[in-house]
Amino acid sequence: MWKEAEGKEIRALARRFLEEAKGVLPEYEAKEAFPWPLVRRMAELGFFGVFVPEGLGGAGLDFWAYLALLEEMGGYGSLRSILSVQQSLVLTPLLTYGTEAQKARYVPPLARGEVLGAFCLTEPEAGSDAASLRTRAHWDGEGYVLEGQKTFISHGNVAEVFLVFAKTDPEKGAKGITAFLVERKDGVKSTPLKGKLGLRAADTGMVFLDRVWVPKDRVLGEEGMGFRIALSTLDTGRISLAAGSVGISQKALEIALAHVEERKQFGKPLAGFQLVQATLAEMKADLEASRLLTYQAAAKKLSGRRYTLEASLAKLFASEAANRNAYRAIQLLGGYGFFEEYEAARLYRDARVATLYEGTNEIQKLIIGAELTGLRAFS
């Protein structure tokens, strides 16, 4: 069903990279600074275009290798986020819906990590209800004029390419949304959003479009296809987020195991206590269930069949399990777990957002319910 063997090489490469990175990443986290040297190193290793064809600047590997990379990087949420945004949210829709000219222009530099991209859907008044977005795109006879703002945008301040969703026909609601490829040099402005609970070395910002003009050939897909593009992209994004959540669960278990095997209380290692072993068993069960749900979603995607249900199931369970395992790791470490030095605290902070983005877990439950019943719940 899944091809775990194909990911062995990239897993090993990721582990070697993380040995280099983990000593310097805390500096960037503490300062909420974007880790450009680490990003450049990931680009050198080919991490930004894992499943992109070699002819378009990528590594030419498969989706399983990409998931293997995200699992390994999952324990370092800021770095995993940077890779996921680039590939799941920007390169995936470009490869799926882009014209040959669009692919030739944008895919190679994105796949090589020479430039970063951003997925611009969320707005101050449009989060879970994405169809209510207010950004507008007006046809002026030669191109489109975009006006509006986006918020909570990953890579908002470091991206050069923006996939922007705007309404070209407000009367049509969701069917009047169009996707545009916009470049920073077109006049895109941004401002950082600081003070995040987790993912502190990953960039987040607000993006402003003040009469930004783009030519007609920058429409991704066709006019009115934007909402469909957004939803299909988020399905893939949810699988990648689930894989990253698997990585959090795995790292939490590794940290907890190392501690309880070394730490002694009442004359014996913590690992010998029944309640400790019960907690470890729960962590392992959550980890493996998350992994299997993620792989099931990936297999369905690669079969060419609709995989919305499987993607939402994987995202819902794996993100919740990551939060449970990060919590359990801190409990097993006791007071040590409360300090950044022992990594469990960072895992706990990073895990929290996994239940919020790519569609909140409440929205995932509604999607799953609708898939099961064929009825959409409105309240």
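Colleague: Which charged end sits over the ring of Phe 273?

Modeller: This is a predicted model, where local features need pLDDT of at least 70, side-chain atom pairs count only at pLDDT 80 or more, and totals for chains, interfaces and linings use all residues. Residues are numbered from 1 along each chain as its sequence is written, and side-chain values use heavy atoms, with hydrogens and water left out. A charge sits over a ring if NZ of Lys or CZ of Arg is within 6 Å of the ring centre and within 35 degrees of the ring normal. At 4.6 Å from the centre of the Phe 273 ring, the charged end here belongs to Lys 268.

Colleague: And what lies over the face of Phe 63?

Modeller: That one is 5.3 Å from the ring centre, and the residue is Lys 301.

Colleague: How many aromatic pairs does the structure hold?

Modeller: Rings of Phe, Tyr and Trp (its six-membered ring) pair if their centres lie within 6.5 Å; planes under 30 degrees apart are stacked, over 60 edge-to-face, the rest tilted. Among them, Phe 51 and Phe 63 make a tilted pair, 6.2 Å centre to centre with 55° between the planes. The structure's total is eleven.
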